[in-house]
Amino acid sequence: MNDKKSSTLLALTAAALALPMASEPAKADPPDQKFTLGFKQSNYKEAPIAADQLGLGSPERYTIDVSHLKFKAPVSTDTELTTSVIRETMSGASPWYVAPGADGEPLQVMSGATISEERTELGVDFRSYNSNSEVTLSGGYSSENDYESVSFGFSGAWRLNQNLTTLSYGANTSFDYIDPSDAESFDRPVHETKKRAGAMVGITQVATKTTLLSATLGFSVLDGYLSDPYKRAFVEGNTVRDSRPGQQEQINLNLSLRQFFEGPGGALHADYRYYTNNWEIDSHTLELSWYQNLGSDWQLIPSVRYYDQSAAVFYRPFYETTRTDGFYSSDYRLSDFSAVSGQLKLSKTFTAFRFDLAYETYSASGDHPGLLEYDLISLGLGYAFE
Amino acid sequence: MKLLGRIVVLLAALQLLACTQVQPWERGHLARPEMALTTDPMANTLRSHIHHSKEASSSVASGSGGGCGCN
Amino acid sequence: MPSSNATPQLHSAAFNAMGSRCEIQLYGPKATAKAVAARAVECVRALEAKYSRYRADSVTARINAAAGSGHAIEVDPETAALLDYADTLHEQSDGLFDITSGVLRKAWDFKAERLPTDEQIATLLPLIGWSKVDWQAPFVHLPEAGMELDFGGYVKEYTADCVADLCRASGIEHGLVNLGGDIHVIGPHPDGSPWQVGIQHPRQPNAAIARIPLAQGAIATSGDYERYMMVDGTRYCHLLHPATGHSLHPAFASISVVAARCLIAGSFTTIALLKSPEEPQWLSEQGLPYLTTDQQLRLGGSLETGVRASNTPTPMPSASVQ
């Protein structure tokens with residue numbers, strides 16, 4: 001056989017490429033002109049704080065029940081509208097501040113009262129598609145008794161190079177209003193606001209018949225009240241308000257690999273994220289998932305996630321001296337820690353109906369006494385109709 | 001800015017990796033649902049929200065979304 | 001295959017479409033394979049209805065009905081791509097593969113076993129010529145009343161590709177689509193072994209002249225045996241020269257070509273047969289695996305064949321698959 005491709009073969013191949021089935025894009029995901037309804041019910045439960053880490057208060061932590069309903073409807077042949085409602089019911093106690101124990105070890109003090117509250121989030125996405133590009137306009141609103149947030153987003157993609165390459169971009173912004181409850185009795189701030197603006201660019205590339213690669217770079221700026229109104233910091237024997245800088249810049253880089261293996265009939269997902277911000281927090285996240293097809297449209301998906309972050313420059317579990325910059329926070333989220341989680345998910349697809357069941361367990365480790373362990377169980381249902 | 005420089009190099013490398021032209025009809029495996037970047041958007045929303053509210057990091061992704069529930 | 005995967009069952013569907021015996025064989029969970037096969041048959045029927053010359057509501061009939069009217073017909077993107085493909089076929093075959101030459105069937109009646117008169121042919125020749133067709137996407141117009149387009153020369157091969165793509169997109173990894181000998185392999189048998197494709201014997205109906213193992217890709221076969229008549233001991237076949245209107249005498253009784261797409265494979269078999277009286281070596285210069293059977297029934301070409309099996313009876317008229 002000749003290695004040199006004949007000009008006839010090249011000409012016919014080029015003409016065949018223009019035919020619709022042959023050129024059906026691999027990942028272009030055009031509007032399918034179907035109505036789809038999705039529902040997910042989840043239970044999130046944090047493990048109690050260990051007795052030797054607890055300074056004061058209830059060891060019980062948060063439990064959240066989340067109901068998520070999503071409905072997608074075609075508007076025209078190349079546009080679709082997705083609306084979603086999320087309802088969360090939360091109860092439990094939360095970490096308040098950290099105090100030194102008898103031997104100078106940090107101990108978590110929990111909030112006294114059991115908090116019970118609800119959050120409702122509404123979201124709308126309008127997607128418009130054509131053969132080489134698409135754009136999506138998004139809007140969202142979230143409301144709690146002490147927190148409101150409005151957000152807007154614009155994103156899009158260009159498909160190039162016979163759909164082998166997809167360039168994506170997006171920008172979004174949110175405005176948050178924070179009005180903590182019982183502000184007077186607990187010395188909490190009132191009427192605070194926070195703004196966020198972010199932008200991202202990404203590229204997805206078909207590398208081989210079975211490999212997809214993707215890279216995304218994001219940048220965002222937060223401005224306003226970035227502290228936690230319900231947390232305090234222990235400074236020289238007294239507690240003061242959690243107080244963080246009023247500005248934060250963040251960069252994230254996400255790399256993804258999707259590799260299909262014909263032998264076992266499954267796909268490997270590898271996702272890595274590098275994150276850095278100007279509070280000197282750097283983090284690395286690695287998540288690996290294996291999608292095993294089991295026949296009869298059953299799928300089993302085990303995955304592991306590893307997360308590691310460094311502490312914010314002003315973070316201490318507690319402060320033995322005052323700081324000249326006036327920044328104090330003993331929030332475990334700003335501490336140096338790593339976390340491992342494992343997830344197992346089972347899904348089954350019928351012609352128009354699908355369901356999935358997932359269990360995840362998460363455990364963080366580090367120096368902070370209030371680090372988190374949680375279990376998450378989710379049941380998902382989906383239905384599509386014309 | 002050093003990071004940005006590295007990222008530009010990385011994006012260029014991604015392009016070079018695709019040295020073999022994968023024809024549209026050879027992309028059957030890539031079209032499988034488990035080869036999507038996000039296979040279950042609703043689960044993704046939930047887990048991102050949890051990780052974002054319990055860890056210091058967050059990512060800028062497409063779409064909007066906000067709110068807290070951060071206790 | 002890992003033990004976690006249930007042993008896939010073979011599901012086949014046989015049916016008549018596009019003037020041929022067709023067969024779809026899929027491995028998969030029973031319900032899935034059955035549902036996908038049903039959708040595949042539907043896909044074949046839809047394309048048959050869309051491009052059939054015989055249906056008044058087909059795209060072909062609409063274009064042909066407007067011939068000479070001065071009104072151009074606006075076509076959909078799929079038809080536009082098929083017309084562009086016809087243009088490429090015309091160019092690459094030096095004008096021999098011409099989708100306007102179908103009108104010659106009015107003179108060539110193979111069933112009657114009677115040669116057309118020169119007069120009959122002469123009246124039809126002005127109606128032939130792709131270069132006369134006014135094709136400016138998405139508008140097509142045949143300038144002379146009586147001119148006809150015929151997608152029959154390659155739409156069956158295109159359909160085999162569409163159906164295979166459809167099955168793959170539905171999760172089928174092992175299977176095969178056979179539309180009257182135009183074969184697209186979705187994937188090998190579940191154990192990885194190739195399909196054994198029987199090549200129709202050009203002189204013995206329902207017999208294979210060779211077997212070709214094919215694990216992926218497509219194979220198409222054309223020959224002088226598909227429609228022909230014997231007049232005074234001479235074979236006149238359906239391959240007609242668009243410039244003279246006469247039946248060609250190809251150097252080969254049959255040609256099979258293997259390519260990634262059935263449409264490409266089929267285009268090469270037809271062009272190679274049309275060119276063979278003048279350039280019998282043309283196909284050997286194209287770099288694609290092929291098999292030829294010459295008029296003395298000698299096999300040639302670059303394809304590795306199984307044992308010659310000229311007397312093996314086969315269930316399929318155009319090609320058999322095991």
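**Close-up views of the predicted model**

**View 1. The hairpin of strand 13 and strand 14 of chain A.** Glu236(A) takes a positive phi near 45° in this hairpin, which has 2 residues between the strands. Strands here are DSSP runs (E, at least two residues), numbered from the N terminus, and helices are runs of H or I with at least four residues. Strand 13 (residues 232-235) and strand 14 (residues 238-241) run antiparallel and are joined by 4 bridges; two strands pair if DSSP finds at least two bridges between them. Val235(A) stands opposite Asn238(A) of strand 14. This is a predicted model, in which local features need pLDDT of at least 70, side-chain atom pairs count only at pLDDT 80 or more, and totals for chains, interfaces and linings use all residues. Residues are numbered from 1 along each chain as its sequence is written, and chains are lettered from A and ligands numbered from 1 in the order in which they are written.

**View 2. An open sheet of 3 strands in chain A.** The strand order is 2-6-5, with mixed pairing. Strand 2 (54-56) and strand 5 (95-100) each have a single partner strand, so one side of each is left without a neighbour in the sheet. Strand 5 pairs with strand 6 (residues 106-110) in the antiparallel sense over 5 bridges. Tyr97(A) stands opposite Val109(A) in strand 6.

**View 3. Asp146(A) in the loop between strand 8 (133-143) and strand 9 (147-160) of chain A.** Leaving aside neighbours within four places in sequence, Asp146(A) is in contact (C-beta atoms, placed from the backbone, within 7 Å) with Ile178(A), Asp179(A), Pro180(A) and Ser181(A). The C-alpha atoms of Asp146(A) and Ser181(A) are separated by 6.2 Å, at 35 residues apart along the chain.

Definitions and conventions. Two residues are in contact if their C-beta atoms, placed from the backbone, lie within 7 Å.
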